[in-house]
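Please read the following report alongside the sequence and the model. It is meant for a reader who is new to this structure.

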Amino acid sequence: MQSKFIRCLSGISVVLSIMLITACSKKDNSGTPGGGDPVNPGIETGAPEKYTKKVLIEEFTGAWCGWCPRMPILLEKLHAKYPNVIISAFHASDTFDIGRDVRSVIEEKMGVQGYPTSKLERLKDLDWYDASNNISFAQADALVSTFAKKTAVLGLSITSTVAGNNLNITVKVGMGQPLNVTKAKLMVYVLEGGLTGPAQNNYYSLDQVKNDYMNDPDLGPLTKLAHSITGYTYNHVVRKVLTDAKGDEIPAAYKIKGAVYTKDFTLDISKYKAANCSVIALVYGQDDEGKLIDTYNSQVVIAGQSQKFD
């Protein structure tokens with residue numbers, strides 16, 4: 001009798017153990033609904049691990065600047081060789097100036113001290129000239145190539161739609177790896193190309209300097225143009241900075257591997273030609289003193305179109 005009772009208890013114990021193991025297994029495998037992070041509830045996850053590295057060049061220019069026409073020639077030549085080069089142009093003190101209050105903050109962040117200036121990945125000066133002040137496309141090419149070979153630790157996607165006069169934008173930042181930086185900043189610009197208006201000053205046609213450039217295959221054509229070029233076409237012109245001039249900080253909870261940070265923007269583009277507009281998004285990092293650390297990646301899309309993580 002006692003033996004049967006013990007065997008009965010043993011059987012019940014086995015059944016309870018199986019039920020407990022099954023329950024625990026189901027709980028462990030269920031995950032968090034919606035692909036969220038169980039450690040940080042509400043954080044979207046599922047970002048890809050690998051991304052294409054885009055190389056950002058930010059130009060600082062002006063229609064009044066007689067030395068500035070050389071920069072678009074260099075930047076377009078680099079873009080032709082490196083399709084993943086993304087170009088933007090901030091204008092100062094002319095029709096296309098976005099405003100000194102915003103522009104000066106951006107210039108100070110990157111250490112812009114004169115015009116023309118082009119900043120590669122917000123960190124390096126980029127120009128035609130080598131250390132001996134000789135025209136050299138090779139040195140600019142090599143510098144861009146170095147950055148293009150870097151591994152991208154994050155990626156960006158941009159969804160944009162045009163509804164009436166409004167451009168609606170959704171930017172997503174996907175963390176392929178943990179982002180170990182004090183502050184990560186997202187910046188979003190709207191650009192417009194094909195702009196004409198003020199004549200572009202051109203010092204390369206001046207008698208005292210044109211002999212130095214007329215035989216150069218790239219800059220030589222500038223020596224044959226007028227001192228003031230009417231009908232000059234301005235491309236990649238930054239028309240609006242949608243984030244703070246210093247960028248919008250990405251919360252720390254989103255700097256984990258696999259996290260996806262999302263931000264929405266809307267802009268009235270009634271004063272722009274929508275077909276000539278584009279959107280640039282970038283993420284850069286800085287230390288606790290505000291010093292630039294790196295530009296992690298960028299993305300560009302034509303207004304009204306979308307670009308997934310790539």
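The report below goes through pockets, a sheet and aromatic contacts.

## Basis of the model

This is a predicted model, in which local features need pLDDT of at least 70 and side-chain atom pairs count only at pLDDT 80 or more, while totals for chains, interfaces and linings use all residues. Residues are numbered from 1 along each chain as its sequence is written, and side-chain values use heavy atoms, with hydrogens and water left out.

A pocket here is an open set of points on a 1 Å grid over the protein atoms alone, where a 1.4 Å probe fits and protein lies on both sides within 12 Å along at least five of seven lines; its lining residues have an atom within 4 Å of a point. The largest pocket has a volume of about 220 Å³, volume being the space filled by probe spheres set on the points, which are joined across faces, edges and corners. Its lining has 17 residues, and those nearest the centre are Pro72, Tyr232, Thr233, Tyr234 and Asn235.

The second largest pocket holds about 190 Å³ of space, and its lining includes Ile98, Arg239 and Tyr272. Strand 10 (237-241) and strand 12 (260-268) each supply at least two residues of this lining, strands being DSSP runs of E with at least two residues, numbered from the N terminus. Strand 10 gives the largest share, three residues.

Strand 5 (residues 154-163) and strand 6 (residues 166-175) are joined in the antiparallel sense over ten bridges, and serine 157 has lysine 172 in strand 6 as its bridge partner.

## Aromatic contacts

The whole structure contains eleven aromatic pairs, where rings of Phe, Tyr and Trp (its six-membered ring) pair if their centres lie within 6.5 Å, and planes under 30 degrees apart count as stacked, over 60 as edge-to-face and the rest as tilted. Tryptophan 128 and phenylalanine 137 form a tilted pair, 6.1 Å centre to centre with 50° between the planes.

The charged end of lysine 77 sits over the ring of phenylalanine 137, 4.3 Å from its centre; this requires NZ of Lys or CZ of Arg within 6 Å of the ring centre and within 35 degrees of the ring normal.

Key
Helices (H or I, at least four residues) and strands (E, at least two) are DSSP runs, numbered from the N terminus. Two strands pair if DSSP finds at least two bridges between them.
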